[in-house]
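Have the sequence and the model open beside you, and try each task before reading on.

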Amino acid sequence: MTQLALVIDLNVCVGCHACVTSCKQWNTSGAAGPLADFNPYGADPSGTFFNRVQTFEVGQYPNTQTVHFPKSCLHCEDPPCVPVCPTGASYKRAEDGIVLVDSDKCIGCKYCSWACPYGARELDEKSKVMTKCTLCVDRIHDTSRPEHERKPACVLACPTSARLFGDIHDPESVVSTAIRDNAGYTLMPEWGTHPSNHYLPRRKTPMHIHVDELTRTDNPLKIDGLLPKPAKSEPSLDDVMSW
């Protein structure tokens, strides 16, 4: 059975929010919209988004790193939002595994948002129905589009190719290969929801800095032998790494 999903590479996501804005644009004009915004440019803006990027600083100063973490509906294989819906508005498609909301049936009771451990559901304050990522279902199955355009808007917009899209049940797909080769993981597996979306972990690349690399090799004074001798000894590698 097909299970479409996103795989997000945290090592190359730069937090540019192109995925956020492209998602907003497509879904506001597409089948899922409109997505309400209230006072979007004010001091206390609010609105409905299917995709958000959260930014964290990890580590201890001065050895810190910035991590950008995109998050949307994970299209769980066993979605807890579906069985709690009293009207059947939340459902999982058998043909591609996408979890959707039927806005005609939704009464805005928020049961699905309470059941979702990932905070992926939002109430559209204008339409008073629950909304979420649809994996751009109206786009990916549109046969009038060229095949290379049949991807979610966020995937097409990502400038660093941090977002991959495909069938995780197909062992030869680009997403399955990325998960297998890069130790892809899911969020909070202890909940037993079996999220379809995966993340590729940040890779720790050791930096081997040599002391002589701290001095410009193209310095004309150095080339002509006119640099004054240092007053003290060159810093050690440990000193360099602690800067």
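**Exercise 1. A pocket lining**

By class, how many nonpolar, polar and charged residues does the lining of the second largest pocket have?

*Solution.* Before we start, note that this is a predicted model, in which local features need pLDDT of at least 70 and side-chain atom pairs count only at pLDDT 80 or more, while totals for chains, interfaces and linings use all residues. Residues are numbered from 1 along each chain as its sequence is written, and side-chain values use heavy atoms, with hydrogens and water left out.

Step 1: apply the terms. Ala, Val, Leu, Ile, Met, Phe, Trp, Tyr, Cys and Pro count as nonpolar, Asp, Glu, Lys and Arg as charged, and the others, Gly among them, as polar.

Step 2: sort the lining. It has three nonpolar, six polar and three charged residues.

Step 3: Strand E4 (51-60) and strand E5 (63-72) each give two or more residues to the lining, with the largest share, four residues, coming from E5. Strands here are DSSP runs (E, at least two residues), as are helices (H or I, at least four), numbered from the N terminus.

**Exercise 2. The chain and its cores**

Describe the chain as a whole, then find its largest nonpolar core.

*Solution.* Step 1: count the elements. The protein chain has eight helices and eleven strands.

Step 1: look at burial. Of 243 residues, 37% count as buried (buried is under 20% relative accessible area, exposed over 50%, partly exposed in between, with a 1.4 Å probe and protein chains only).

Step 2: look at contacts, meaning heavy atoms within 4.5 Å. Among those with a separation of 6 or more, 56% join residues 24 or more positions apart.

Step 3: find the core, a set of buried Ala, Val, Leu, Ile, Met, Phe, Trp, Tyr and Cys residues joined through side-chain atoms within 4.5 Å. The largest one has 28 residues, and Ile98, Leu135, Phe165 and Tyr199 have the most contacts inside it. Strand E1 (4-9), helix H1 (18-29), helix H4 (137-140) and helix H5 (153-157) each give two or more residues to this core. A second, separate core of nine residues includes Cys81, Val99, Leu123 and Met130.

**Exercise 3. Around Pro152**

Is Pro152 buried or exposed, and which residues does it touch?

*Solution.* Step 1: locate Pro152 in the loop between H4 and H5.

Step 1: check accessibility. Pro152 counts as buried because its relative accessibility is 1%.

Step 2: list its partners. Beyond four places in sequence, Pro152 touches Leu6, Leu135, Cys136, Ile140 and Phe165.

Step 3: turn to Phe165. With neighbours within four places set aside, its contacts include Leu4, Ala5, Leu6, Val174 and Val175.

Step 4: follow the chain into H5, where Ala157 is found. Ala157 is partly exposed because its relative accessibility is 28%, and its contacts beyond four places are Ala18 and Ser22.

**Exercise 4. Three loop residues**

Where do Arg121, Lys110 and Lys128 lie?

*Solution.* Step 1: Arg121 is in the loop between H3 and E8. It counts as buried because its relative accessibility is 8%. Its contacts beyond four places include Cys81, Val99 and Met130.

Step 1: Lys110 is in the loop between strand E7 (99-101) and helix H3 (111-115). Its phi is near 75 degrees, a positive value in a residue other than glycine. At 34% relative accessibility, Lys110 counts as partly exposed.

Step 2: Lys128 sits in the loop between strand E8 (122-124) and strand E9 (129-131). Lys128 has a positive phi of about 60 degrees although it is not a glycine, and with a relative accessible area of 44% it is partly exposed.
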